[in-house]
Amino acid sequence: MTPLGSPAAANQAVGRDTASVSFLHEMGVCRPCGWFWKPGGCKNGAACLRCHACPVGELKARKKVKHTMLRLGLATPKADVNARSANTAASSLEA
């Protein structure tokens, strides 16, 4: 149960389009808001790009699954764009 009763009520209270939020949430491609369930709540309100419809422990559960997948070798970490550009710059200096 969200601080405002239900995920739909929470999204309507902050002025969000519940249809698009629900669609992403149901498809499993939403990104949970880490602040929504904190005592102070999400300060971004309608401007928040994260999902407020996810249950309390969803962010932690997804991180746990990702860590397990990485540990078992079933997934690879995303390459850091900044590190890649730094490596490219360093290799061009060596040549």
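**Entry 1: the salt bridge**

I started with Glu58 and Arg62, whose side chains meet in a salt bridge at 2.8 Å, N to O. This is a predicted model, so I am reading computed geometry here. I looked for other salt bridges too, but the count comes to 1. Where do Glu58 and Arg62 lie? I found both in helix H3, residues 58-72, and they sit 4 residues apart, about one turn of the helix.

**Entry 2: helix H3**

I then took H3 as a whole. How many of its 15 residues are buried? I got 0, so H3 is hardly covered. I also checked its length: at 1.5 Å a residue, the 15 residues should span 21 Å, and the end C-alpha atoms are 21 Å apart, which agrees. Just after H3, I noted that Gly73 takes a positive phi of about 80°.

**Entry 3: Cys54**

I moved on to Cys54, which I found in the loop between helix H2 (18-27) and H3. With a relative accessibility of 3%, Cys54 counts as buried. What does Cys54 touch, leaving aside neighbours within four places in sequence? I listed His25, Cys30, Pro32, Trp37 and Arg62 as its contacts. Arg62 is the salt-bridge partner of Glu58 from my opening entry. I also looked up Cys33: Cys54 and Cys33 are 21 residues apart in sequence, and their C-alpha atoms are 8.0 Å apart in space.

**Entry 4: the pockets**

Last, I went through the pockets. The largest pocket holds about 500 Å³ of space. I see Arg62 again in its lining, which also includes Cys30, Pro32, Arg50, Leu59 and Lys66. By class, I have 5 nonpolar, 1 polar and 6 charged residues lining this pocket.

The second largest pocket has a volume of about 160 Å³. Which of its 15 lining residues are closest to its centre? I wrote down Cys33, Gly34, Trp37, Val56 and Leu59. Its lining divides into 10 nonpolar, 2 polar and 3 charged residues.

Conventions. Residues numbered from 1 in each chain as written. Predicted model: local features only at pLDDT ≥ 70, side-chain atom pairs only at ≥ 80, totals over all residues. Heavy atoms only, no water. 1 Å grid on protein atoms, 1.4 Å probe; cavity = no way out; pocket = protein on both sides within 12 Å on 5 of 7 lines; lining within 4 Å. Points joined across faces, edges and corners; volume = space filled by probe spheres on them. Nonpolar A, V, L, I, M, F, W, Y, C, P; charged D, E, K, R; others polar. Salt bridge = Lys/Arg side-chain N within 4 Å of Asp/Glu carboxyl O. Helix = DSSP H or I, 4+ residues; strand = E, 2+ residues; numbered from the N terminus. Buried < 20%, exposed > 50% of the residue type's maximum accessible area, 1.4 Å probe, protein only. Contact = heavy atoms within 4.5 Å. Expected span 1.5 Å × (residues − 1).
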